[in-house]
Amino acid sequence: MSETTGDILAFITGRFPQAEITATEDIFSLGYINSLFAMELVMHLEKAFGVTIPNDELRIDNFRTASAMTELVGRLRPAATVG
């Protein structure tokens, strides 16, 4: 697991300690995401990884899994800094 994915999973489980999720599990279908937490997740990604998520990237498929969010971060910043 990459450092980026680990950070994302830690953020989610920090909010939902009972959550036992993997990098590829759909956090929307598991019921962990509501509109408020979705915005918190966007803000966390921007702050933690120094990226700005443009409106055209605010699609549910980019946020369904920790792996998808890791890929999004990778597209928005140089590959050399994604860990």
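The legends below describe close-up views of a predicted model, one topic at a time.

In this predicted model, local features need pLDDT of at least 70 and side-chain atom pairs count only at pLDDT 80 or more, whereas totals for chains, interfaces and linings use all residues. Residues are numbered from 1 along each chain as its sequence is written, and side-chain values use heavy atoms, with hydrogens and water left out.

**View 1**
Helices here are DSSP runs of H or I with at least four residues, strands are runs of E with at least two, and both are numbered from the N terminus. Helix α2 has 15 residues and reaches 21 Å from its first C-alpha to its last, close to the 21 Å expected at 1.5 Å a residue; the expected span is 1.5 Å times one less than the number of residues. At the start of α2, a side-chain oxygen of Asn34 comes to within 3.1 Å of the backbone nitrogen of Leu36. After α2 comes Gly50, whose phi is positive, near 65°.

**View 2. The buried residues of α2 and α3.**
A residue is called buried under 20% relative accessible area, exposed over 50%, and partly exposed in between, as found with a 1.4 Å probe on protein chains only. In α2, the buried residues are Phe37, Glu40, Leu41, Val42, His44, Leu45 and Phe49, and what covers them includes α1 and α3. In helix α3, which runs over residues 66–76, Ala66, Ala68, Met69, Thr70, Leu72 and Val73 are buried. These residues of α3 pack against α1 (3–15) and α2 (35–49). An α-helix has 3.6 residues a turn, so residues three or four places apart point the same way.

**View 3. The largest nonpolar core.**
A nonpolar core is a set of buried Ala, Val, Leu, Ile, Met, Phe, Trp, Tyr and Cys residues joined through side-chain atoms within 4.5 Å. The largest one has 22 residues, of which Ile12, Leu45 and Met69 touch the most other members. The elements that give two or more residues to this core are α1, α2 and α3, and its largest share, five residues, comes from α2. Leaving out residues up to four places away in sequence, Leu45 touches Ile8, Gly50, Val51, Ile53, Phe63, Met69 and Val73, where contact means heavy atoms within 4.5 Å.

**View 4. Thr70 in helix α3.**
Thr70 lies in helix α3 and counts as buried because its relative accessibility is 12%. The side chain of Thr70 makes a polar contact with the side chain of Thr5 at 2.7 Å. A polar contact is a pair of N or O atoms within 3.5 Å; within protein, one must be able to donate a hydrogen and the other to accept it, and residues adjacent in sequence count only if both atoms are side-chain atoms. If neighbours within four places in sequence are set aside, Thr70 is in contact with Ser2, Thr4, Thr5 and Ile8.

**View 5. Aromatic pairs.**
Rings of Phe, Tyr and Trp (its six-membered ring) pair if their centres lie within 6.5 Å, and planes under 30 degrees apart count as stacked, over 60 as edge-to-face and the rest as tilted. By this rule there are three aromatic pairs. Phe11 and Phe37 form a stacked pair, with 5.7 Å centre to centre and 10° between the planes. Because Phe11 lies in helix α1 and Phe37 in helix α2, the pair ties together parts that are 26 residues apart in sequence. Phe11 is partly exposed at 23% relative accessibility, whereas Phe37 is buried at 1%. Phe16 and Tyr32 form a tilted pair, with 5.2 Å centre to centre and 50° between the planes, and both of these residues are buried. Ring pairs link Phe11, Phe16, Tyr32 and Phe37 into a cluster.

**View 6. Salt bridges.**
A salt bridge is a side-chain nitrogen of Lys or Arg within 4 Å of a carboxyl oxygen of Asp or Glu, and the structure holds five of them. Glu40 forms one with Arg15, with the closest N and O atoms 3.1 Å apart. Glu40 lies in helix α2 and Arg15 in helix α1, so this pair ties together parts that are 25 residues apart in sequence. Glu57 forms a salt bridge with Arg59, where the closest N and O atoms are 3.5 Å apart, and the side chains of Glu57 and Arg75 also meet in a salt bridge, at 3.1 Å from N to O. Glu57 counts as buried at 14% relative accessibility, whereas Arg75 counts as partly exposed at 45%. Asp26, Asp61 and Arg64 are linked in a network of salt bridges.
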